[in-house]
Amino acid sequence: MNKFDKLMDAASSHYKEKILINLSPNEGYRSRCEFGYKNNFYVMHDKSKKVYLSYFLKATKHISSLMPVLLNKINTNEIIKQKLFQINFRSNNIGNVMVSLIYHQKITAKLIQEIDLLSNKLNILIILRAKNEIYKTSEKKFYDTIEEHKITLSQTDYSFYQPNSYLLKRMITKVNSLIEDQNDLMELYCGVGTFTLPLSKKFNKIFATENNRSSLRCLQESISFNKINNISFSRLSDIEVSELLNGRKFNRMTDIDINSFNFSHVLVDPPRSGINSSLIQVIKKFRYIIYVSCNPNSFFRDIEQLKGFKILDLEAYDQFPSTKHLEIISLLKKTC
């Protein structure tokens, strides 16, 4: 049974409508890629074996065309390749590429000199990372623009960002299409604001939470860049959100009065493990739940605990073709 059939089977007792599956091209879709570096090659792991690469066709054309050129430059420069063990790539929709080189040694003046030359020659932003050290060839921010929604999103090399550039716009459009009968939104696991910023045009006010400091810095930059004034946010884990909504006071919430919001919707986009049980009990208080899931197994497990809610809409997104992974976007409404 393939992953699409498994999804249909798991959904059958919860959702009777036809599930639209949004497919992705097999190549040229990944705007975020991470590789090891060993024996003069990029390295990926396939189960228990290592796969050595000089290029990666699943990456966007801007990354895949750069990869062999960059690899050659690294392999022919002993200063750059020494103690290098990981190479990460990100690209945006206008063709800019950010490369992170991660080392098992201190960042030296000689290494910085060579990296500056390489960055200028290839016209890319390079970030060097070592234990407790970081160097950037430019302090210019790395942005991605979602033209359909007139939103610009900031990201760093360490912040989470949806990796499938082809399906990202579709996912944002889908979430926006689910909104009706709205007042204010609470969003958990908001990341850099991929859904937060577009939804700011739909809701009166938004309160967004995230536990990753790097992602929240990106969110703040994007809010300022886009001149949005109806988003509040705080660094809170999912468990802390449960405690907040049950009355606990947090110093991080000094300037935010949670009681000033009239929440109609909650949006959750949890990790693969899904939503913890204490948070499940809290989000049951909302009228609408928008659930973005990267794991159908944990999604349907959580749905079983959301008694009194009905799935009104459900779509799947094949973010990683030829793998077992599927993304789900759904809308649930309280029925009792």
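This is a predicted model: local features need pLDDT of at least 70, side-chain atom pairs count only at pLDDT 80 or more; totals for chains, interfaces and linings use all residues.
Colleague: Which ring does the charged end of Arg129 sit over?

Modeller: The ring of Tyr158, with 3.9 Å to its centre. A charge sits over a ring if NZ of Lys or CZ of Arg is within 6 Å of the ring centre and within 35 degrees of the ring normal. Side-chain values use heavy atoms, with hydrogens and water left out, and residues are numbered from 1 along each chain.

Colleague: How many aromatic pairs does the structure hold?

Modeller: Eleven. A pair of aromatic rings is described by the distance of the centres and the angle of the planes. Rings of Phe, Tyr and Trp (its six-membered ring) pair if their centres lie within 6.5 Å; planes under 30 degrees apart count as stacked, over 60 as edge-to-face and the rest as tilted. Phe207 and Phe261 have centres 5.9 Å apart and planes at 45°, so this pair is tilted.

Colleague: Are Phe207 and Phe261 buried or exposed?

Modeller: Both are buried, meaning under 20% relative accessible area (1.4 Å probe, protein chains only).

Colleague: What about Tyr291 and Phe299?

Modeller: They form an edge-to-face pair, 4.9 Å centre to centre with 75° between the planes. Tyr291 is buried at 0% relative accessible area, and Phe299 also counts as buried, at 0%.

Colleague: Which residues form one aromatic cluster?

Modeller: Phe35, Tyr42, Phe56 and Phe89 do.

How values were computed: Buried means under 20% relative accessible area, exposed over 50%, partly exposed in between (1.4 Å probe, protein chains only).
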